[in-house]
Amino acid sequence: MWDVEIRGMASAHAIIASSIFMATVMPAVLLENFSVYGTHMVWLYCVAGSVAVVNTAVFWLLGISPPTKKNTLSYKINRLSRSCLYFLLSCLFFHTVVVMYGAPLLESALETFSLAVLLSTLTTLRCLCILGPNVQAWIRVFSRDGAMSVWDTSLQITTGCSVIGAWLGAFPIPLDWDRPWQVWPISCTLGATTGFLTGLVAAPVWIHWHRKQLTYKLK
């Protein structure tokens, strides 16, 4: 059972990682003068959009999301509306946190919010796909020993890696190196994306390595 779940996770993560690669390569082929640095906002939204679509499709096909107790249209619309609201609130939250950590308040506001959208896509969207719009479940997963499945553990790892990657990406910005990737928020978005990719690889490896120590209990 463990091996089947871990292989399924590794396959899903490989597909999601491939979407980031395709979001970088395809625009470079189709769009003139496209580059990660020169047209960074275009690249950022290509990556965010690709990850969002593929994440949603993969978890829906795998049936990872918690089953709904109601199948009425109004309930599904309400669930979708809450998910969209939580995603928007997540964007505003990340935007506020980034500003509090030193990002310009008014200058480059669009760039800062775009970073918040990317972070929300890499973290909150996965929470919505795996746990649904259930804040109590989110709090449970990110509390100590709160994971109840391998997917909960993978969510902890990918979320942590994404946030830490964005944080580490901010360190080179004030340095007097005059590099094109030091323009705000390029290094942070690259750091967040690299951290997310690292989490996608690390999650199944870590779970497989520690599978004998992991015990999931219903709470």
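Tutor: Ten of the 14 residues of α4 are buried, so this helix is largely enclosed by the rest of the structure, where buried means under 20% relative accessible area with a 1.4 Å probe and protein chains only, and helices are DSSP runs of H or I of at least four residues, numbered from the N terminus. The model is predicted, so local features need pLDDT of at least 70 and side-chain atom pairs count only at pLDDT 80 or more, while totals for chains, interfaces and linings use all residues. Residues are numbered from 1 along each chain as its sequence is written, and side-chain values use heavy atoms, with hydrogens and water left out.

Among the buried residues of α4 are Thr112, Ser114 and Leu122, and their cover includes α2 (40–62), α3, α5 (124–131), α7 (150–169) and α8 (186–209).

Helix α3 (residues 73–100) packs against α4 (residues 109–122) at an angle of about 125°, with the axes 8 Å apart; axes are lines fitted to C-alpha atoms, for helices over the stretch in contact, and angles run from 0 to 180 degrees between N-to-C directions. That makes α3 oblique to α4, since angles under 35 degrees count as roughly parallel, over 145 as roughly antiparallel, 65 to 115 as roughly perpendicular and the rest as oblique.

α2 and α4, by contrast, pack at an angle of about 20° with axes 9 Å apart, and are therefore roughly parallel to each other. The contact (heavy atoms within 4.5 Å) involves residues including Met41, Leu44 and Tyr45 of α2 and Glu111, Ser114 and Leu115 of α4.

Notes. Helices (H or I, at least four residues) and strands (E, at least two) are DSSP runs, numbered from the N terminus. Buried means under 20% relative accessible area, exposed over 50%, partly exposed in between (1.4 Å probe, protein chains only).
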